[in-house]
Amino acid sequence: MSESPYPADAFGSPAPVLSVSPVVLPAPGRAVDLHLRVSVPVTGSELPVILLSHGQGYSNHLSSLDGYAPLANFWAAHGFAVLQPTHLSSTTLSLAPDTPGAPMYWRSRAEDMTRILDGLDVIEAAVPQLRGRLDRDRVAVAGHSMGGHTASLLLGARLTDPEDGTRVDLAEPRIKAGVLLAAPGRGGDALNESVAQGLPFLLTTDFTGMATPALVVAGDQDTSAHLTVRGADWHADPYLLAPGPKSLLTLFGAGHGLGGVSGYDVAETTDENPERVALLQRLTWAYLRSELYPGDAAWQAACDALAAGPDPSGRIESK
């Protein structure tokens, strides 16, 4: 894979990062209180917020507040406050398999993010270095794999609860933009039989109401045979089936790990590629900058640079 078509310093010098965990939010009615990691630059004010939702991998700790350091550290070093919850689906919690919502806790995952936004005063009080530094009007959500499903619900995707048949709308209006990384696509006959039976909430995913701006990231080698019969194209569904404004970043040669976003040097990354991760760090940062700060040219500049490279690492389309 070629190097990034633009220099790292095009995004400014990274700041030292302060990372605090666990920050505990009391959560009555939840199986356990909500634990999260807070990562911020050591200086600066009016920091935009990214809620980062982990996926479900084979490792014990990546699916928790301890995962996704390549993304969290980069975003925090370049001016964002990154808040990472440990969802109930995390293997670190070792919850009993008959816990309500198991095994994926799809509803609780989205509710975790709303709980965090409701609890920002508590979070700031728990991290004195954070007090008064958040821009609560500029909030984004990002998620990888199952975390991408969580993010899609917060951005306006809907589904039918397989337990009671009700139509579920968990859209969070305080979230202004999103990034979906290797997120699940549509349900129905796109799912393989085991997923349709074991994770029936995925059968009815509907992206037609997902109106919040979002960047969908898909690897062209991410066949995800454990989930879908449609191959890599399935991960583009949140872009193709949702209304605009949306952008789709297709990464050439990328598998489900997108080069290694879930952690540094993790064994479950089948497509380990530090250059791809570096590219993704910068493109996602630029996208969120421009969505949260209208008029900011970072995203357009990043798109132009990617297209101008002699050996493009991916392509971007928008609607």
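**Note on the predicted model: salt bridges, helix packing and overall build**

1. Arginine 138 is partly exposed, because its relative accessible area is 26%, a value between the 20% and 50% cut-offs. The model is predicted. The salt-bridge partner of arginine 138 is aspartate 135, with 2.8 Å between the closest N and O atoms. Aspartate 135 has a relative accessible area of 11%, so this residue counts as buried.

2. Arginine 167 and aspartate 206 form another salt bridge, at 2.8 Å from N to O. This pair ties together distant parts of the chain, 39 residues apart. Arginine 167 sits in strand 7 (residues 167-169). Aspartate 206 sits in the loop between helix 5 (193-198) and strand 9 (214-219). How accessible are the two ends? Arginine 167 is at 46% relative accessibility, so it counts as partly exposed. Aspartate 206 has 23% and is also partly exposed.

3. Arginine 315 and glutamate 317 meet through their side chains in a salt bridge with an N to O distance of 3.9 Å. The cut-off is 4 Å, so the pair is counted. Arginine 315 is partly exposed at 44% relative accessibility. Glutamate 317, at 33%, is partly exposed too. Elsewhere, shared partners connect Asp118, Glu172 and Arg174 in one salt-bridge network. How many salt bridges are there by this rule? The count is 15.

4. Next, the packing of helix 7 (residues 274-292) on helix 8 (residues 298-308). Their axes come within 7 Å. The crossing angle is roughly 145°. From helix 7, the contact involves Leu279, Leu283, Trp285, Ala286, Tyr287, Arg289 and Ser290. From helix 8 come Ala298, Trp299, Ala302 and Leu306. By class, the contact has nine nonpolar residues, one polar and one charged.

5. Threonine 270 belongs to the loop between strand 10 (246-251) and helix 7. Is this residue buried or exposed? Its relative accessibility is 72%, so threonine 270 counts as exposed. Glycine 259 lies 11 residues away along the chain. The C-alpha atoms of threonine 270 and glycine 259 are 7.9 Å apart.

6. Proline 14 lies in the segment before strand 1 (17-25). At 57% relative accessibility, proline 14 is exposed. What does proline 14 touch, leaving aside its neighbours within four places in sequence? The contacts are Ala77 and His78. Asparagine 73 is 59 residues from proline 14 in sequence, with a C-alpha to C-alpha distance of 9.5 Å.

7. Now the overall build. The protein has eight helices and 11 strands. Its C-alpha trace spans about 50 × 45 × 35 Å along the principal axes. The radius of gyration is 18 Å. A compact globule of 319 residues would have a value near 20 Å, so the two agree.

8. Of the 319 residues, 55% count as buried. Among contacts with a separation of 6 or more, 72% are between residues 24 or more positions apart. The protein exposes about 12,700 Å². Carbon and sulfur atoms supply 52% of that area.

Terms used:
Residues are numbered from 1 along each chain as its sequence is written. This is a predicted model: local features need pLDDT of at least 70, side-chain atom pairs count only at pLDDT 80 or more; totals for chains, interfaces and linings use all residues. Side-chain values use heavy atoms; hydrogens and water are left out. Axes are lines fitted to C-alpha atoms, for helices over the stretch in contact, and angles run from 0 to 180 degrees between N-to-C directions. Helices (H or I, at least four residues) and strands (E, at least two) are DSSP runs, numbered from the N terminus. Contact means heavy atoms within 4.5 Å. Ala, Val, Leu, Ile, Met, Phe, Trp, Tyr, Cys and Pro count as nonpolar, Asp, Glu, Lys and Arg as charged, and the others, Gly among them, as polar. Buried means under 20% relative accessible area, exposed over 50%, partly exposed in between (1.4 Å probe, protein chains only). The radius of gyration is taken over C-alpha atoms; the globule rule is 2.2 Å times the number of residues to the power 0.38. Accessible areas come from the Shrake-Rupley method with a 1.4 Å probe; for residues, only the protein chains shown count as cover.
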